[in-house]
Amino acid sequence: MNTILIIEDEILIQQSLKKLFERRGLKVDVSASGKLAIDLILHNNYDRIICDLMLQDISGFDVIEEAKRKFSPEEISQKFVIMTAYNSPQVLSRANSYKCRLLNKPFDDLEEAMKTMTE
Amino acid sequence: MENRPYPPNQETSEYVKIFIDPVIMSDFQKLNLEPFTLTTEEKAQLSILKRGDRLWVNFSDGDHCDFPYYQKNVTTVLEGLATDTFKKLPLSDVFDGFVKTTQGIEKRVFSSVSLSPGENVKDLWDEIIKKINLISGESHSLSSLVEKLLDVPFLQKFETSLVILHLKGQTKAELIGTVWRFEKKQSFFEVKDFNAFFNSIKKSKIKSFTSDSFPKINLPFNGSFLAKEVTSRKYSLVAVVSRHDFLSYGKDEIELFETCIDLLQPHFERLIDQEFSDKRISELRVCLKDFPLPLRIRDGISGTSFMNDLYTGELQEKDIFFNKKVKGPFTLDLYDSDELRHYAFDLFHFQRISLLGELLNTLRHELSNPLFGLKLGSQIFATMDISTDSKEIMKEIEKNVNRCQVIIENFSNLYQVQSVTKPVTIKKIIDESLILSKSEVREVRKSITYENKAEDLQLEVPLIFVVQIIFNLIVNSAQAMKNMEGPKEMCLIISTDSDHVLIDVKDNGPGIPEDKLTHLFKPFFTTKTQGTGLGLVLSRNLAVKMGGNLEYLVNNNEKGAHFRLSLPKT
């Protein structure tokens, strides 16, 4: 795994995660906006996409829907890691429908979370 | 028209003039036709008028007939009228001929509006009025009157009769009627859609419409229809009849229909009044029966009473909580009872809790993301190449963030309406109550005494309930002492007896005057200017629910107030 995209509008979280991944030798792109993220996804080849659900412009699910233009459902399930602070049953069931990994914010254990995101 | 008695008489035939309405004059001009005359024994004058999308042919003897005006057909009509054959034919034959040369549709319209031979308008009217009197006498509901409208002589070829009714003040307009003469229909429309519909009908001069002209008013049939609006102080109504075809209606039909509805208006009014007062009475009856307090309505004249299900014979004059003379000889009594607390105060309590819960939930969600950012950031900085001092600061930031998260978590859990109760220690209960009331009791000196190691006792009660009661007592006490001179003191003493944990809240404030004591736990009783008079009622209600109690202890030797909450030991 070489390249990673972090979609997160809370800059502190975004930059902290960026630092953490860079320390592990990964090339990291970031986006605070969903629309910019879609653009980045369509024009680059990321090995992993960490996506927050509550963005300012559109939702993380919208980003995944747009990414379907480029990726197969299998690729979506492997590439995307969904991050959310709102784990309502509706959100969970929708997230599960993409079969991708799900991380609850705040992370209970940072190491564990990093493992989930980079594995 | 087809059987119009019109003996042809070739010898005395004369020409009649056809008058042409200016509206269709242009059509004539396009065809290069001059107004022309027809032969007729009666010297009848014939005029052709375009009204809406229909052509009218009027005869000077007051008789007339009409047929739909289609662009294609007008040519046919005019050409037909212009031919020599036409001129020579008696009128009846001409129109018969015309009808026969076109398809059945025209024929149907033609025959449905024309009067039978020998029949005159007055006879028809007599018959209509007789029928209207009959059906309005027979109808005991609006829907049956609407259905029977189709029995009126000239409406016998119609398939649908309905009304759309809006009672002023109601949020919906209701459609009531019969489709295909047997299928009862009922549906509802938004008031603004109904009003638009009503106004279009009102403004229209021709009163003839098609079902697709009003997309918001979904009529249960397809085709053109006649409509007439009726309005009164209490309601607006549109009456609709249709033959389920796409042909428009003749002037006769429109006039007859409008007059019928005018004649029916007082009957509509009567039936609507009756139906809706019946409905109101039965709804009121249901409401009163289910009213959550014992209730009795006494009839001062007959001495009889209406009582609801909660009223029992044991209730007495002194239990009356609310009493009012209502219209006429009636008196309404509401009785104080356990139900009063159960129903009314559960609701107040629930509203309070759920509002706070919502508020705290929002707060938690809004704060959790930035706090998480702070935590992540400080964690990363702590592992970077910075001085030991800076690392310490980063660790402190992380710790503080954790504390914030825990506090928010606890508060929002506290105010969730819980159905399951977890065992909780007395100490936890007291601590939570003190945290919540911290700002209220800043100036008060507090002492907390646990007797017999009561602090570690576990209770199986909903934490939030108990905390709310104690919080209430603490705040009440602090408020009572607010304007007091000298030191303000409050003590919480937690002790036990054989089955109960006793939580006493005492202060050195003004206490409660003896004459107020009897009202202390009555709803809406308050000594505060801003109070609701519900705090103590709610608190006692909660305590009783948990199997405990809340009382005021009177001790003449002591100054200040003394409340005791008792809760059952697990």
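Does Trp180(B) count as buried, partly exposed or exposed, and what is its relative accessibility?

Author: Trp180(B) counts as partly exposed, because its relative accessibility is 44%, and a residue must be under 20% to be called buried or over 50% to be called exposed. You will find Trp180(B) in the loop that links strand E7 (residues 172-179) to strand E8 (residues 183-190) of chain B. Its backbone deserves a look too: phi is positive, at about 55 degrees, although Trp180(B) is not a glycine. Most residues other than glycine have a negative phi, and most peptide bonds are trans.

Lys99(A) sits in the loop between H5 and E5 of chain A. With a relative accessibility of 68%, Lys99(A) counts as exposed. Further along, a cis peptide bond with an omega of about -10 degrees connects Lys105(A) to Pro106(A). Pro106(A) belongs to the loop between strand E5 (101-104) and helix H6 (110-118) of chain A.

Now let us return to chain B and widen the view. Its secondary structure comprises 14 helices and 22 strands. Of its 570 residues, 44% count as buried. The chain exposes about 31100 Å², with carbon and sulfur atoms supplying 54% of that area. If you take the contacts in chain B between residues at least 6 apart in sequence, 61% of them join residues at least 24 apart.

The interior comes next. In soluble globular proteins, nonpolar side chains tend to be buried together. Here the largest nonpolar core has 40 residues, and Ile429(B), Ile470(B) and Leu565(B) have the most contacts inside it. Helix H13 (463-481) of chain B is among the elements that supply at least two residues of this core, as are helix H12 (426-437) and strand E22. H13(B) gives the most, with 11 residues. Beyond its neighbours within four places in sequence, Ile429(B) touches several residues, including Val424(B), Leu459(B), Val466(B) and Ile470(B). There is also a second, separate core of 34 residues, and Ile135(B), Phe158(B), Ile176(B) and Leu271(B) are among its members.

Ser59(A) caps the N-terminal end of H3(A), with a side-chain oxygen 3.1 Å from the backbone nitrogen of Phe61(A).

Finally, a word on confidence. Chain B has a mean pLDDT of 72, and 72% of its residues reach 70 or more. Strand E22 (residues 562-568) has the highest confidence in chain B, at a mean of 93, while helix H5 (residues 104-113) of chain B has the lowest, at 26. Where pLDDT is low, the predicted coordinates should not be read in detail. For the complex, the predictor gives an ipTM of 0.83 and a pTM of 0.38.

Notes
Residues are numbered from 1 along each chain as its sequence is written. Chains are lettered from A and ligands numbered from 1 in the order in which they are written. This is a predicted model: local features need pLDDT of at least 70, side-chain atom pairs count only at pLDDT 80 or more; totals for chains, interfaces and linings use all residues. Side-chain values use heavy atoms; hydrogens and water are left out. Helices (H or I, at least four residues) and strands (E, at least two) are DSSP runs, numbered from the N terminus. Buried means under 20% relative accessible area, exposed over 50%, partly exposed in between (1.4 Å probe, protein chains only). Contact means heavy atoms within 4.5 Å. Accessible areas come from the Shrake-Rupley method with a 1.4 Å probe; for residues, only the protein chains shown count as cover. pLDDT is the predictor's confidence in each residue, from 0 to 100. A polar contact is a pair of N or O atoms within 3.5 Å; within protein, one must be able to donate a hydrogen and the other to accept it, and residues adjacent in sequence count only if both atoms are side-chain atoms. A nonpolar core is a set of buried Ala, Val, Leu, Ile, Met, Phe, Trp, Tyr and Cys residues joined through side-chain atoms within 4.5 Å.
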